[in-house]
Amino acid sequence: MDFNVKKLASDAGVFFSRAMQFTEEKLGQAEKTELDAHFENLLARADCTKNWTEKILRQTEVLLQPNPSARVEEFLYEKLDRKVPSRVTNGELLAQYMTEAANDFGPGTPYGKTLIKVGETQRRLGAAERDFIHSASLNFLTPLRNFLEGDWRTISKERRILQNRRLDLDACKARLKKAKAAEAKAAAVPDFQETRPRNYVLSASASALWSDEVEKAEHELRLTQTEFDRQAEVTRLLLEGISSTHVNHLRCLHEFVESQTNYYAQCYQYMLDLQKQLGRFSGTFVGNTESTSPPAATSPPAVAAATLPAVPTIPVVPTIVGVPNTVAESVLNPNEVKPPASGTRKARVLYDYEAADSTELALLADEMITVYSLPGMDPDWLIGERGNQKGKVPVTYLELLS
């Protein structure tokens, strides 16, 4: 019992000493031991990593599960260490409704047959979405969450210990400073003409007492300085480990992008297959043109204006719907096209773009170019000019200015 009481009294004294030191520092009445610039940079980078990791984690969770109620339910299951129940995706639910509707309308009718085909594609899309969510959660969200709940908690704990060691060190410095000042005052030689000998004896005794206090304060200062240096080294090593965290998160980010690419490639291929089954090859993936002339009877069916790299069966070069071949050839050779008398606009480039062939114009982010469109041209592309250079540019890479 005595040991517990002593320990409690000691802890209370340490807490009071730290509180006093912290308060005096805030009021500007005490000196504070400053960390070196490299250590401060490590702290700032660690805080930045933690803050942005939290934001990226939360927004990725929103991307994978837009329903906030479902996210809360999954969070509770994870905290209770219970398996999250399987949830039907929106695509699978839509497929179920379409199949039931086809059975009511008659699976042999044209509408019923189409509903069955579209429903089957929606089911495949829902399954692909489920696989993507599982892969992204396992390869991307889990490492981010492990960092916040594991490494970052350890770093935060050691930083709090370092802060306490720093307060103890500064408190010892303040006590030593006060003891030395009191020792110097007590050691001052008294004036024997005005002071009785008894006062001289008392002064000498006080000087000896303050000398003992100085030695005790110096001993405590050496101990606290050693503890502070040791804790600073431990914390510094943990903060330098943030670089390894960045490397790990970079690898996870690549895996997330790969999963997302595969997911969208699957969705795109499924929709192409559905389009072929329905026998409709034009107008779906190409924007409608505003040309008043009827489409040529011999013009070939349009193909996708833009495809994913994972689907090699669809050409990447965009074609034009409802435009004679002579006009299409002129669009595909922008260097031979004359700009219109009116209708040109200025545009700011949002992202870097590397030209796929000689008909396209390479772009650099934040540069200004002149753009215009030609009759019958794919609405996803414009003709861009930069000085004497000319070529097709994608609209999504531009910010059109008035």
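Rings of Phe, Tyr and Trp (its six-membered ring) are taken to pair if their centres lie within 6.5 Å, with planes under 30 degrees apart counted as stacked, over 60 as edge-to-face and the rest as tilted. The model is predicted, so local features need pLDDT of at least 70 and side-chain atom pairs count only at pLDDT 80 or more, while totals for chains, interfaces and linings use all residues. Residues are numbered from 1 along each chain as its sequence is written, and side-chain values use heavy atoms, with hydrogens and water left out.

Eight aromatic pairs are found when the whole structure is searched. One of them is stacked because the ring centres of Phe-105 and Tyr-111 are 5.3 Å apart and the planes stand at 25°. Accessibility was classed as buried (under 20% relative accessible area), exposed (over 50%) or partly exposed (in between), with a 1.4 Å probe and protein chains only. On this scale Phe-105 is partly exposed at 47%, and Tyr-111 is exposed at 51%.

Phe-132 and Tyr-263 also form a stacked pair, with 5.0 Å from centre to centre and 5° between the planes. Phe-132 belongs to helix α5 (residues 110-186) and Tyr-263 to helix α7 (residues 242-278), so this pair ties together parts that are 131 residues apart in sequence. Helices (H or I, at least four residues) and strands (E, at least two) are DSSP runs, numbered from the N terminus. Both Phe-132 and Tyr-263 are buried.

Strand pairing was assigned where DSSP finds at least two bridges between two strands. Strand β3 (residues 381-386) is largely enclosed by the rest of the structure, because five of its six residues are buried. Strand β2 (residues 368-372) runs antiparallel to β3 and is joined to it by three bridges; Thr-370 has Glu-385 of β3 as its bridge partner. Six bridges join β3 to strand β4 (residues 389-394), again in an antiparallel arrangement, and Ile-383 has Lys-392 of β4 as its bridge partner. A hairpin with two residues between the strands is formed by β3 and β4, and Gly-387 in the turn has a positive phi of about 65°.

A charge was taken to sit over a ring if NZ of Lys or CZ of Arg is within 6 Å of the ring centre and within 35 degrees of the ring normal. The charged end of Lys-392 is placed over the ring of Trp-381, 5.6 Å from its centre. Lys-55 lies over the face of Trp-52, at 4.5 Å from the ring centre.
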